[in-house]
Amino acid sequence: MTASARLRGVDTESIVDTFDIAVVQTGSRIGAWQQNIDAVRAEVQSLAAGGSKLIVLPELFASGYDLDSIETMAESVPGRTSTALGALAAETDTVLVTAIAFRDADGVVFDSSLVVGPGGLIALGHKRRADCW
């Protein structure tokens, strides 16, 4: 167990010693949310069947990467991407990590990290405001 885990108050008794991590690199189409989700779903299911427990997905894969349309692509959490990924994480018993264009309650858009697991949302962290790209 790492010292950093102990310092953050993590219950080290319940943490496994090793687990497989996978990184997905896939193309996505702008405006083709369902198609993008379906493509990642197939990748995650395959990786989970092979034993991966933590799977990192491309940034903005669900919406497609189009910074000129970031305002229209932004969504809340919970929202359709976090809900779809939460269901996929529960189905595959994995933790999924990605970044989405997130719109907060005040309408501010952020490039935000999203982490979901079998039990739902684990973390949502704002990396930067969208108007700072």
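Asp93 forms a salt bridge with Lys53, with 3.0 Å between the closest N and O atoms (a salt bridge being a side-chain nitrogen of Lys or Arg within 4 Å of a carboxyl oxygen of Asp or Glu). Because Asp93 sits in the loop between helix 4 and strand 3 while Lys53 belongs to strand 2, the pair ties together parts that are 40 residues apart in sequence. Helices (H or I, at least four residues) and strands (E, at least two) are DSSP runs, numbered from the N terminus. Asp93 is partly exposed, with a relative accessible area of 44%, and Lys53 is partly exposed as well, at 36%; buried means under 20% relative accessible area, exposed over 50%, and partly exposed in between (1.4 Å probe, protein chains only).

The model is predicted: local features need pLDDT of at least 70, side-chain atom pairs count only at pLDDT 80 or more, and totals for chains, interfaces and linings use all residues. Residues are numbered from 1 along each chain as its sequence is written, and side-chain values use heavy atoms, with hydrogens and water left out.

A search of the whole structure finds 3 salt bridges. One of them joins Glu71 and Arg103, whose closest N and O atoms are 3.5 Å apart. This pair links distant parts of the chain, with Glu71 in helix 3 (residues 70–73) and Arg103 in strand 3, 32 residues apart. Glu71 is partly exposed at a relative accessible area of 43%, and Arg103 is partly exposed at 27%. Another salt bridge brings together the side chains of Asp38 and Arg41 (2.7 Å, N to O). Asp38 counts as partly exposed at 36% relative accessibility, and Arg41 does so at 26%.

An open sheet is formed by 5 strands in the order 1-2-3-4-5, with mixed pairing; two strands pair if DSSP finds at least two bridges between them. At the edges are strand 1 (20–23) and strand 5 (120–129), each of which pairs on one side only. On average, neighbouring strands of this sheet are turned by 25° against each other, direction ignored. Strands 3 and 4 run antiparallel and are joined by 8 bridges. Within this sheet, Leu96 has Val116 in strand 4 as its bridge partner.

Helix 2 lies across strand 1, strand 2 and strand 3, and runs at about 155° to strand 2. Axes are lines fitted to C-alpha atoms, for helices over the stretch in contact, and angles run from 0 to 180 degrees between N-to-C directions. Helix 4 packs on the sheet and touches strand 2, strand 3 and strand 4; the direction of helix 4 makes about 20° with that of strand 4. Contact means heavy atoms within 4.5 Å.

The largest nonpolar core has 20 residues, of which Val44, Ile55, Leu57, Phe61, Leu85 and Leu96 touch the most other members. A nonpolar core is a set of buried Ala, Val, Leu, Ile, Met, Phe, Trp, Tyr and Cys residues joined through side-chain atoms within 4.5 Å. Two or more residues come from each of helix 2 (33–49), strand 2 (52–59), helix 4 (80–92), strand 3 (95–103) and strand 4 (109–117). Leu57 touches Val24, Val40, Val44, Leu85, Leu96, Val97 and Thr98, residues up to four places away in sequence not being counted. Another core, of 6 residues, lies apart from the largest one and includes Leu60, Met73, Ala74 and Val109.
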